[in-house]
Amino acid sequence: MTEPTRRANKRGVATRETMIEVAISSLATGDPAAVSGNRIAREVGVTWGAIKYQFGDIDGLWAAVLRHTAQRRGDLPATDKVGGTVADRVTALVDGMVSGLGTPEALAIETLRAALPREQAELERDYPLTAAELASWKPGWDAACARAFADLGVDPVRVRQVAALLPAALRGLTSERVLGTYSNLDDARAGLIGSVTAYLSG
(Lines give C-alpha, C1' and ligand atoms only; values in the text may rest on other atoms or scores of the structure.)
Protein backbone atom coordinates (compact mmCIF):
# COMPACT_ATOMS: atom_id res chain seq x y z
CA MET A 1 0.00 0.00 0.00
CA THR A 2 1.17 3.51 -0.71
CA GLU A 3 0.12 6.98 0.28
CA PRO A 4 -2.23 8.78 -2.13
CA THR A 5 -0.43 10.71 -4.84
CA ARG A 6 -1.08 14.45 -4.93
CA ARG A 7 0.02 16.90 -7.58
CA ALA A 8 3.11 18.61 -6.21
CA ASN A 9 3.21 22.40 -6.00
CA LYS A 10 5.21 24.72 -3.80
CA ARG A 11 2.30 25.71 -1.62
CA GLY A 12 1.12 22.13 -1.23
CA VAL A 13 4.61 20.89 -0.36
CA ALA A 14 5.03 23.68 2.19
CA THR A 15 1.65 22.89 3.75
CA ARG A 16 2.52 19.22 3.95
CA GLU A 17 5.89 19.96 5.55
CA THR A 18 4.23 22.25 8.09
CA MET A 19 1.76 19.54 9.03
CA ILE A 20 4.58 17.03 9.57
CA GLU A 21 6.67 19.46 11.62
CA VAL A 22 3.69 20.36 13.82
CA ALA A 23 2.92 16.67 14.29
CA ILE A 24 6.51 16.00 15.39
CA SER A 25 6.51 18.96 17.80
CA SER A 26 3.20 17.87 19.28
CA LEU A 27 4.24 14.24 19.67
CA ALA A 28 7.60 15.26 21.15
CA THR A 29 5.80 16.69 24.19
CA GLY A 30 5.10 13.12 25.25
CA ASP A 31 1.41 13.87 25.74
CA PRO A 32 -0.59 10.75 24.75
CA ALA A 33 -3.37 13.06 23.56
CA ALA A 34 -1.00 14.33 20.86
CA VAL A 35 -1.61 11.11 18.90
CA SER A 36 -4.72 12.58 17.31
CA GLY A 37 -5.21 13.72 13.76
CA ASN A 38 -7.82 16.25 14.86
CA ARG A 39 -5.42 17.75 17.39
CA ILE A 40 -2.69 18.05 14.77
CA ALA A 41 -5.17 19.72 12.43
CA ARG A 42 -6.15 22.24 15.12
CA GLU A 43 -2.52 23.05 15.89
CA VAL A 44 -1.77 23.58 12.20
CA GLY A 45 -4.91 25.68 11.86
CA VAL A 46 -6.61 23.53 9.23
CA THR A 47 -9.46 21.04 9.10
CA TRP A 48 -9.13 17.28 9.35
CA GLY A 49 -10.16 17.26 5.69
CA ALA A 50 -6.98 19.14 4.80
CA ILE A 51 -4.90 16.50 6.60
CA LYS A 52 -6.78 13.76 4.75
CA TYR A 53 -6.18 15.51 1.44
CA GLN A 54 -2.42 15.50 2.05
CA PHE A 55 -2.01 12.08 3.64
CA GLY A 56 -5.15 10.05 2.90
CA ASP A 57 -5.84 9.09 6.52
CA ILE A 58 -4.19 8.96 9.94
CA ASP A 59 -2.08 5.99 8.85
CA GLY A 60 -0.68 8.04 5.98
CA LEU A 61 0.10 10.93 8.34
CA TRP A 62 2.00 8.77 10.83
CA ALA A 63 3.90 7.00 8.05
CA ALA A 64 4.92 10.40 6.64
CA VAL A 65 6.05 11.56 10.09
CA LEU A 66 8.20 8.45 10.53
CA ARG A 67 9.67 8.79 7.03
CA HIS A 68 10.49 12.43 7.70
CA THR A 69 12.33 11.58 10.93
CA ALA A 70 14.30 8.87 9.12
CA GLN A 71 15.29 11.28 6.35
CA ARG A 72 16.36 13.90 8.87
CA ARG A 73 18.42 11.33 10.76
CA GLY A 74 20.22 10.41 7.54
CA ASP A 75 22.50 7.42 7.17
CA LEU A 76 23.00 5.36 10.27
CA PRO A 77 26.54 5.23 11.74
CA ALA A 78 28.78 2.70 10.06
CA THR A 79 32.54 3.17 9.94
CA ASP A 80 32.94 6.50 11.72
CA LYS A 81 35.90 4.99 13.56
CA VAL A 82 37.90 3.74 10.57
CA GLY A 83 41.04 2.14 11.93
CA GLY A 84 39.59 2.08 15.44
CA THR A 85 39.30 -0.89 17.75
CA VAL A 86 36.14 -2.83 18.50
CA ALA A 87 35.79 -0.74 21.67
CA ASP A 88 36.15 2.49 19.69
CA ARG A 89 33.39 1.48 17.31
CA VAL A 90 31.05 0.18 20.00
CA THR A 91 31.52 3.47 21.86
CA ALA A 92 30.74 5.45 18.70
CA LEU A 93 27.55 3.45 18.11
CA VAL A 94 26.39 3.78 21.71
CA ASP A 95 27.13 7.49 22.01
CA GLY A 96 25.60 8.22 18.61
CA MET A 97 22.39 6.46 19.59
CA VAL A 98 22.24 8.12 23.01
CA SER A 99 22.57 11.51 21.34
CA GLY A 100 19.89 10.66 18.79
CA LEU A 101 17.44 9.43 21.43
CA GLY A 102 17.38 12.89 22.99
CA THR A 103 16.12 14.66 19.87
CA PRO A 104 12.52 15.85 19.39
CA GLU A 105 12.17 13.37 16.52
CA ALA A 106 13.08 10.44 18.79
CA LEU A 107 10.69 11.65 21.49
CA ALA A 108 7.93 11.95 18.88
CA ILE A 109 8.56 8.40 17.69
CA GLU A 110 8.37 7.05 21.25
CA THR A 111 5.04 8.81 21.87
CA LEU A 112 3.61 7.51 18.62
CA ARG A 113 4.83 3.96 19.17
CA ALA A 114 3.32 3.91 22.66
CA ALA A 115 -0.09 4.66 21.16
CA LEU A 116 0.07 2.15 18.31
CA PRO A 117 -1.09 -1.49 18.64
CA ARG A 118 1.50 -3.75 20.29
CA GLU A 119 0.65 -6.84 18.25
CA GLN A 120 2.29 -6.83 14.81
CA ALA A 121 -0.74 -8.40 13.13
CA GLU A 122 -3.03 -5.71 14.51
CA LEU A 123 -0.58 -2.93 13.65
CA GLU A 124 -0.18 -4.19 10.08
CA ARG A 125 -3.94 -4.52 9.67
CA ASP A 126 -4.93 -1.13 11.09
CA TYR A 127 -1.85 0.93 10.15
CA PRO A 128 -0.25 -0.79 7.16
CA LEU A 129 1.74 2.24 5.98
CA THR A 130 3.02 3.01 9.46
CA ALA A 131 3.94 -0.63 10.05
CA ALA A 132 5.81 -0.79 6.74
CA GLU A 133 7.78 2.34 7.59
CA LEU A 134 8.76 1.00 11.01
CA ALA A 135 9.73 -2.37 9.54
CA SER A 136 11.92 -0.71 6.91
CA TRP A 137 14.27 0.69 9.54
CA LYS A 138 15.59 -2.66 10.83
CA PRO A 139 17.45 -3.78 7.67
CA GLY A 140 19.21 -0.42 7.47
CA TRP A 141 20.29 -0.57 11.11
CA ASP A 142 21.46 -4.18 10.79
CA ALA A 143 23.46 -3.29 7.67
CA ALA A 144 25.02 -0.25 9.38
CA CYS A 145 26.15 -2.36 12.33
CA ALA A 146 27.56 -4.99 9.98
CA ARG A 147 29.53 -2.31 8.10
CA ALA A 148 30.83 -0.87 11.38
CA PHE A 149 32.73 -4.08 12.17
CA ALA A 150 33.19 -5.56 8.69
CA ASP A 151 36.96 -5.08 8.55
CA LEU A 152 37.64 -6.45 12.04
CA GLY A 153 36.69 -10.07 11.48
CA VAL A 154 33.92 -9.98 14.09
CA ASP A 155 31.46 -12.89 14.09
CA PRO A 156 28.50 -11.65 12.00
CA VAL A 157 26.01 -13.56 14.16
CA ARG A 158 27.23 -11.68 17.23
CA VAL A 159 27.05 -8.38 15.34
CA ARG A 160 23.45 -9.15 14.42
CA GLN A 161 22.61 -9.96 18.04
CA VAL A 162 24.24 -6.74 19.25
CA ALA A 163 22.28 -4.80 16.62
CA ALA A 164 19.09 -6.20 18.15
CA LEU A 165 20.24 -5.46 21.70
CA LEU A 166 21.52 -1.89 21.51
CA PRO A 167 18.30 0.00 20.60
CA ALA A 168 16.34 -1.62 23.44
CA ALA A 169 19.16 -1.24 25.97
CA LEU A 170 19.79 2.40 25.13
CA ARG A 171 16.10 3.31 25.16
CA GLY A 172 16.05 1.81 28.66
CA LEU A 173 19.00 3.92 29.80
CA THR A 174 17.48 7.02 28.23
CA SER A 175 14.17 6.34 29.97
CA GLU A 176 15.95 5.96 33.32
CA ARG A 177 17.69 9.29 32.81
CA VAL A 178 14.40 11.03 31.96
CA LEU A 179 12.46 9.46 34.84
CA GLY A 180 15.23 9.89 37.38
CA THR A 181 17.12 7.12 39.14
CA TYR A 182 19.52 6.45 41.98
CA SER A 183 21.62 4.30 39.66
CA ASN A 184 24.82 5.65 38.14
CA LEU A 185 23.95 5.75 34.46
CA ASP A 186 27.52 6.59 33.47
CA ASP A 187 28.50 3.28 35.03
CA ALA A 188 25.64 1.62 33.16
CA ARG A 189 26.86 3.09 29.86
CA ALA A 190 30.45 2.00 30.55
CA GLY A 191 29.28 -1.47 31.54
CA LEU A 192 27.21 -1.82 28.38
CA ILE A 193 30.11 -0.73 26.18
CA GLY A 194 32.50 -3.05 27.98
CA SER A 195 30.15 -6.03 27.81
CA VAL A 196 29.34 -5.57 24.12
CA THR A 197 33.03 -5.06 23.30
CA ALA A 198 33.99 -8.24 25.16
CA TYR A 199 31.21 -10.19 23.43
CA LEU A 200 32.20 -9.01 19.96
CA SER A 201 35.90 -9.60 20.67
CA GLY A 202 35.36 -13.15 21.93
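Which helix is the place of Glu105? Select Glu105 and you land in helix α6; helices here are DSSP runs of H or I, at least four residues, numbered from the N terminus. Glu105 is buried, with a relative accessible area of 14% (buried means under 20%, exposed over 50%, partly exposed in between, with a 1.4 Å probe and protein chains only). Now show what Glu105 touches: leaving out residues up to four places away in sequence, you get Ile24, Thr69 and Arg72, where contact means heavy atoms within 4.5 Å.

A quick word on what you're looking at. This is a predicted model, with residues numbered from 1 along each chain as its sequence is written. Local features need pLDDT of at least 70 and side-chain atom pairs count only at pLDDT 80 or more, while totals for chains, interfaces and linings use all residues; side-chain values use heavy atoms, without hydrogens and water.

Colour by pLDDT next, the predictor's confidence in each residue from 0 to 100. The protein averages 88, and 91% of the residues score at least 70. Helix α7 (residues 120-126) comes out highest at 96, and α1 lowest at a mean of 88.

Stay on helix α6 and pick Ala114. Ala114 is partly exposed, at a relative accessible area of 47%.

Now for the inside. A nonpolar core is a set of buried Ala, Val, Leu, Ile, Met, Phe, Trp, Tyr and Cys residues joined through side-chain atoms within 4.5 Å. The largest one has 23 residues, and Leu27, Ile51, Phe55, Trp62 and Val65 make the most contacts inside it. At least two residues each come from α1 (10-27), α2 (37-44), α3 (48-55), α4 (58-73), α6 (104-115) and α8 (128-148), and α4 gives the most, with 6. Apart from this core lies another, of 20 residues, including Val90, Trp141, Val162 and Leu200.

On the α3 side, select Trp48, Ile51 and Phe55; on the α4 side, Ile58, Gly60, Leu61 and Ala64.
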